[in-house]
Amino acid sequence: MFKWLDMLALLPEQASTYAADVDRVFYVIYYITFFVFFLVTFLLVWFVIKYRAKPGQRAIYSHGNNTLEIVWTAVPSAVFIILFLISASTWANIKIFKPKGDVEVRLIAKQFAWEYYYPGPDGKFDSDDDVQIDGDFYVPVNKKVVLRMQGTDVIHSIFIPVLRLKQDILPGREITAWFEATKTGRFEVPCAELCGPGHSGMKGWLNVLSEEEYQAWAAENGVSNPESGN
Ligand SMILES: [Cu+2]
């Protein structure tokens, strides 16, 4: 029953702790827009028919209606205030209150590649044993991951649809983002900001591993892993 409703499922699977909150905000805005679109379209067609030229009927010039103008100012204002109230906590959770990460990864975005850096066995960044990985990156499931991101040339944007994470990366600034993946798997990471002729090929993969797989991957690649004592 209601199989056809599946066609309305617009969004990819949810694979982060905040994905459901983002989708809730999306659907509220989507259905309000949907309703207003059909209301306006219906009124437009109805008025075109009702007030069309007819023999014996003259066009009337309307000087406006204060009550109507107050209503169509107040209703959208109320809608915007409600949208703010229901989305503010989601926005703050993702973009403002950033947790301390269990895993920290640095990301350099450049034309036309993603370069990831992990601390080596000394557990520190900017030392000789940093580990560089291009294109793919690896994180453990159910852990908070902090991405510290820099751009070297133009504006890029990291987009991980299943996490509902999208963040512009600007040259000359370090910007942080965070996520906690809730599903293991291999997920596409495209660049979401038109950044030059190779933009469409600027694509990598996020690999979310189980705790054991991540330990093994870290050990194999010389990546610091506080939980295993390395
Ligand atoms: Cu790019």
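Buried area is the accessible area, taken with a 1.4 Å probe, that two parts lose on being put together, summed over both. Between domain 1 and domain 2 of this predicted model, that area is about 1200 Å². Carbon and sulfur atoms give 45% of the area buried between the two domains. Domain 1 covers 13-51 + 62-96, and domain 2 covers 103-228.

**Domain interface**

- The C-alpha centres of domain 1 and domain 2 lie 35 Å apart.
- Twelve residues from domain 1 and 13 residues from domain 2 make up the contact.
- On the domain 1 side, Glu13, Ala15 and Tyr18 lose the most area to domain 2. Together these residues account for 46% of what that side buries.
- Two salt bridges cross the interface of domain 1 and domain 2.
- Asp23 and Arg164 form a salt bridge, with their closest N and O atoms 2.6 Å apart.
- Polar contacts between domain 1 and domain 2 come to 14 residue pairs, both residues at pLDDT 80 or more.
- Helix H1 (19-50) and helix H2 (66-96) are the elements that give two or more residues to the side of domain 1 that touches domain 2.

- E1 and E5 run parallel and are joined by seven bridges. In this pairing, Glu104 stands opposite Val146 of E5.
- E5 and E8 run antiparallel, with six bridges between them.
- Leu147 stands opposite Ala177 in E8. Lys144 has Glu180 of E8 as its bridge partner.

- Pro140 has Leu209 in E10 as its bridge partner.

**Salt bridges**

- The salt-bridge count comes to eleven.
- One of them joins the side chains of Glu104 and Arg148, at 3.7 Å from N to O.
- Glu104 lies in strand E1 (residues 103-110) and Arg148 in strand E5 (residues 144-151), so this pair ties together parts that are 44 residues apart in sequence.

**Backbone exceptions**

- Most residues other than glycine have a negative phi, and most peptide bonds are trans.
- The peptide bond from Gln111 to Phe112 is cis, with omega near 0 degrees.
- Phe112 sits in the loop between E1 and strand E2 (113-118).
- Asn142 has a positive phi, near 60 degrees, in a residue other than glycine.
- Asn142 belongs to the loop between E4 and E5.

Definitions and conventions: Residues are numbered from 1 along each chain as its sequence is written. This is a predicted model: local features need pLDDT of at least 70, side-chain atom pairs count only at pLDDT 80 or more; totals for chains, interfaces and linings use all residues. Side-chain values use heavy atoms; hydrogens and water are left out. Two strands pair if DSSP finds at least two bridges between them. Helices (H or I, at least four residues) and strands (E, at least two) are DSSP runs, numbered from the N terminus. Domain bounds come from an automatic or database domain assignment. Contact means heavy atoms within 4.5 Å. A salt bridge is a side-chain nitrogen of Lys or Arg within 4 Å of a carboxyl oxygen of Asp or Glu. A polar contact is a pair of N or O atoms within 3.5 Å; within protein, one must be able to donate a hydrogen and the other to accept it, and residues adjacent in sequence count only if both atoms are side-chain atoms.
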